[in-house]
Amino acid sequence: MIRSTKDMLKSKFDMKDMGLSYVILGIKITRTQNSLVLDLAYAVSKLSRYTSNASVEYWRSITRLLRYLRYTRECGLHYGRYPTVIKGYSDVNWISDIKDSRSTSGYVFTLGSATISWKSSKKTIIARSTMESEFFALDKCGEKVE
């Protein structure tokens with residue numbers, strides 16, 4: 001399967017096989033017997049954009065992130081061989097802020113046991129019921145699937 005995929009890619013693109021990768025886009029890849037482990041680089045890259053002219057709020061976030069990373073050096077996103085199923089979950093809390101009557105919803109997608117995409121946001125539409133707010137959250141989750 002891997003060989004035929006490589007052959008198909010080589011026939012369509014100018015490429016060469018350089019073997020196993022250990023770093024891709026600045027993310028370190030650690031291989032174990034049955035899985036791949038990636039560094040928690042996303043939050044670091046997002047916050048690093050603001051370090052040259054950071055506000056007090058961003059410095060607090062950077063400090064919090066660095067403290068978190070200091071104690072979680074051995075943690076990462078684990079991608080195992082089985083199961084290779086993408087699962088999506090969504091949730092919402094109806095009228096989380098009584099001042100503006102808007103709900104907060106979110107979703108998370110996992111591949112095997114690793115999170116691959118997530119979002120949490122305050123809705124711009126005011127739902128009239130818990131059921132309606134759940135449908136709005138499912139709709140946003142469904143948009144991500146497309």
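Gly106 is placed in strand E6 (residues 102-111) of a predicted model. Gly106 counts as buried because its relative accessibility is 18%, where buried means under 20% relative accessible area, exposed over 50% and partly exposed in between, with a 1.4 Å probe and protein chains only. Between Gly106 and Lys123 the C-alpha to C-alpha distance is 9.8 Å, at a separation of 17 residues in sequence.

Residues are numbered from 1 along each chain as its sequence is written. Local features need pLDDT of at least 70 and side-chain atom pairs pLDDT 80 or more, while totals for chains, interfaces and linings use all residues; side-chain values use heavy atoms, without hydrogens and water.

The protein chain contains four helices and seven strands, defined as DSSP runs numbered from the N terminus (helices: H or I, at least four residues; strands: E, at least two). Along the sequence these elements follow the pattern α-β-β-β-α-α-β-β-β-β-α. Of the 146 residues of the protein chain, 16% count as buried.

An open sheet is formed by four strands in the order E1-E2-E3-E4, with antiparallel pairing. Strand E1 (23-24) and strand E4 (77-80) are the edge strands, each pairing on one side only. Strands are taken to pair if DSSP finds at least two bridges between them. E1 and E2 run antiparallel and are joined by two bridges, with Ile24 opposite Ile27 in E2. Three bridges link E2 and E3 in the antiparallel sense, and Ile29 has Leu38 in E3 as its bridge partner. These two strands, E2 and E3, form a hairpin with three residues between them. E3 and E4 also pair in the antiparallel sense, over four bridges; the bridge partner of Val37 in E4 is His78.

Ser35, in strand E3, is classed as buried because its relative accessible area is 18%. The side chain of Ser35 makes a polar contact with the side chain of Thr32 at 2.6 Å. A polar contact is a pair of N or O atoms within 3.5 Å; within protein, one must be able to donate a hydrogen and the other to accept it, and residues adjacent in sequence count only if both atoms are side-chain atoms.

The second largest pocket has a volume of about 250 Å³. A pocket is an open set of points on a 1 Å grid over the protein atoms alone where a 1.4 Å probe fits, with protein on both sides within 12 Å along at least five of seven lines; lining residues have an atom within 4 Å of a point. Grid points are joined across faces, edges and corners, and the volume is the space filled by probe spheres set on the points. The lining of this pocket consists of Leu20, Ser21, Ile24, Ile27, Ile29, Arg31, Leu36 and Leu38. Strand E2 (27-31) and strand E3 (35-38) each supply at least two residues of the lining, and E2 gives the most, with three residues. By class, the lining comprises six nonpolar residues, one polar and one charged (nonpolar: Ala, Val, Leu, Ile, Met, Phe, Trp, Tyr, Cys and Pro; charged: Asp, Glu, Lys and Arg; polar: the others, Gly among them).

Helix H4 (residues 130-145) has 16 residues and reaches 23 Å from its first C-alpha to its last, close to the 22 Å expected, the expected span being 1.5 Å times one less than the number of residues. Buried residues in H4 include Glu132, Ser133, Ala137 and Cys141.
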